[in-house]
2 protein chains.
Amino acid sequence: MTGWLVIAGLGPGDDSLVTPQVTQALAQASDVIGYIPYVRRVADRPGLTRHETDNREEISRARHALALAAQGHRVVVVSSGDPGVFAMAAAIFEAVEDGPQEWRRLDIQVLPGVTAMLAAAARIGAPLGHDFCAINLSDNMKPWDLITRRLRLAAEADFAMALYNPRSNARPARFADALTVLRQVCAPARPLIFARAVSTPDENIHVAALSDATPEMADMRTVVLVGSSATRVIQRDGTPYVYTPRSVPE
Amino acid sequence: MTGWLVIAGLGPGDDSLVTPQVTQALAQASDVIGYIPYVRRVADRPGLTRHETDNREEISRARHALALAAQGHRVVVVSSGDPGVFAMAAAIFEAVEDGPQEWRRLDIQVLPGVTAMLAAAARIGAPLGHDFCAINLSDNMKPWDLITRRLRLAAEADFAMALYNPRSNARPARFADALTVLRQVCAPARPLIFARAVSTPDENIHVAALSDATPEMADMRTVVLVGSSATRVIQRDGTPYVYTPRSVPE
């Protein structure tokens, strides 16, 4: 039996945002591996083994998945959102590079998904409708100085921004530091969108000017979108629309 | 009868990458509007009017869609990829802001999709696995000086990059200029991925070092991914894997 490994994006939460390609891979899998809440999104069935792992174990999870595929299993590693955006795909290829040569001959496919920033943007309008960047604010994996340098250069480049993992219990002050960097470069009226748990029953979306933004507006389940200098807010009854025009005048 | 307007992303080309949410909206629509090749991806059926428009007519297309929804039609505006990334969602909200007040009370939903850069990244590994940016190289809508300034700052910030619309017949020299900017900041070995028509029968993916990249490697159907300084190439039989590690050492 020939094994394979798929790294699949489950999207931000709602099943109507899972691509048919991912659904088909899950139907053919012998093993599903991932962080506990993502594995639990996959329905149990006869012939399927579900491996639930903790959040901080990406590399051991990746090696386990590759070893199973090398043994002939049909393995799906599940990520939320898109597996290539701050998720499991990079961990798999790190493990491939450091692993035995035979892992380079495995059948490995990454199946893309709807990443959190695009789901969040869709719920408020089109804030990422022009050039933008995505920055992971977690300093578990990189120096905080690099993060603030990227934030500053991104603001100087006038990108709209998506900030992933803005805040965690382990580092509550970091997002306040990020807001300070933004305030040094951007005007006080710059719109920020705090999009929490998009497409789930806990969804909450809130728009605030940079001058009014506070660290408590974000938590572990929030993605923060920052407009560019051109981003517009359309007032109406209820939550406003926020969009960034496609064009920049000469 | 109450009308509504959906702006839907059809993904990069293959139907297995269209979300069930989008498929459901199309099944309920009375009118589908968009650029000719995207409208033709939607099967004809009784009760559905398909409006095919030319590529350069985004704002008139947006106004037409809004006017139909205001008259009670169930309208889906189709984009390729994700409608919020260099596509129709921003045009719709530009038209809403400039249009009659009643358009602000319409039922408007943006349905996200798999954008080209994420589909391309998935086919080669995980080149966008760390902080990254997306830049539209078309200077139809913005000054070329702004584009080169963003490219330079993005390279200084050491983002991986996705370059949309790298080259067109109307401006064949621009992508050569972009490569020149990248060469001023990035090392010659920096990997570039030329991903053409991902997930279609015309798909072609090619990896080249920055020193070997030529403008002819890109065309109108290509998205170009540029690695960061940390991006790795894993050699193997056939096309290599390219990924950007999740972590940056202190």
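## Two neighbouring helices in chain A

In chain A, α6(A) and α7(A) are roughly parallel to each other, a label given to angles under 35 degrees, while over 145 counts as roughly antiparallel, 65 to 115 as roughly perpendicular and the rest as oblique. Helix α6 covers residues 144-156 and helix α7 covers residues 174-185; their axes come within 9 Å and cross at roughly 30°. Here axes are lines fitted to C-alpha atoms, for helices over the stretch in contact, and angles run from 0 to 180 degrees between N-to-C directions. Helices (H or I, at least four residues) and strands (E, at least two) are DSSP runs, numbered from the N terminus.

Which residues of α6(A) and α7(A) make the contact? From α6(A) come W144(A), T148(A), L151(A), R152(A), A155(A) and E156(A), and from α7(A) come R174(A), D177(A), A178(A), V181(A), L182(A), Q184(A) and V185(A). Contact means heavy atoms within 4.5 Å. These residues split into seven nonpolar, two polar and four charged (Ala, Val, Leu, Ile, Met, Phe, Trp, Tyr, Cys and Pro count as nonpolar, Asp, Glu, Lys and Arg as charged, and the others, Gly among them, as polar).

## About the model

This is a predicted model, in which local features need pLDDT of at least 70 and side-chain atom pairs count only at pLDDT 80 or more, while totals for chains, interfaces and linings use all residues. Residues are numbered from 1 along each chain as its sequence is written, chains are lettered from A and ligands numbered from 1 in the order in which they are written, and side-chain values use heavy atoms, with hydrogens and water left out.

Now for chain B, where α6(B) and helix α7 (residues 174-185) pack at about 30° with their axes 9 Å apart. The pair α6(B) and α7(B) is therefore roughly parallel. Among the residues that meet are W144(B) and L151(B) in α6(B) and V181(B) and L182(B) in α7(B). By class, this contact has seven nonpolar, two polar and four charged residues.

## Two domains in chain A

Chain A is divided into domain 1 (4-114) and domain 2 (117-243), with bounds from an automatic or database domain assignment. Their C-alpha centres lie 28 Å apart. Eight residues of domain 1 touch nine residues of domain 2.

How much area is buried between domain 1 and domain 2 of chain A? It is about 660 Å², of which carbon and sulfur atoms give 66%. Buried area is the accessible area (1.4 Å probe) that two parts lose on being put together, summed over both. On the domain 1 side, P12(A), R56(A) and F86(A) lose the most area, together 60% of what that side buries.

## Where the chains meet

Chain A and chain B bury about 6,200 Å² between them, 60% of it on carbon and sulfur atoms. Each chain brings 71 residues to the contact. In chain A, M141(A), R150(A) and R246(A) lose the most area to chain B, together 12% of what that side buries.

Helix α6(A) also packs against α6(B), at an angle of about 180° and with axes 9 Å apart. That makes the two helices roughly antiparallel. R149(A), L153(A) and E156(A) meet R149(B), L153(B) and E156(B), giving two nonpolar, no polar and four charged residues.
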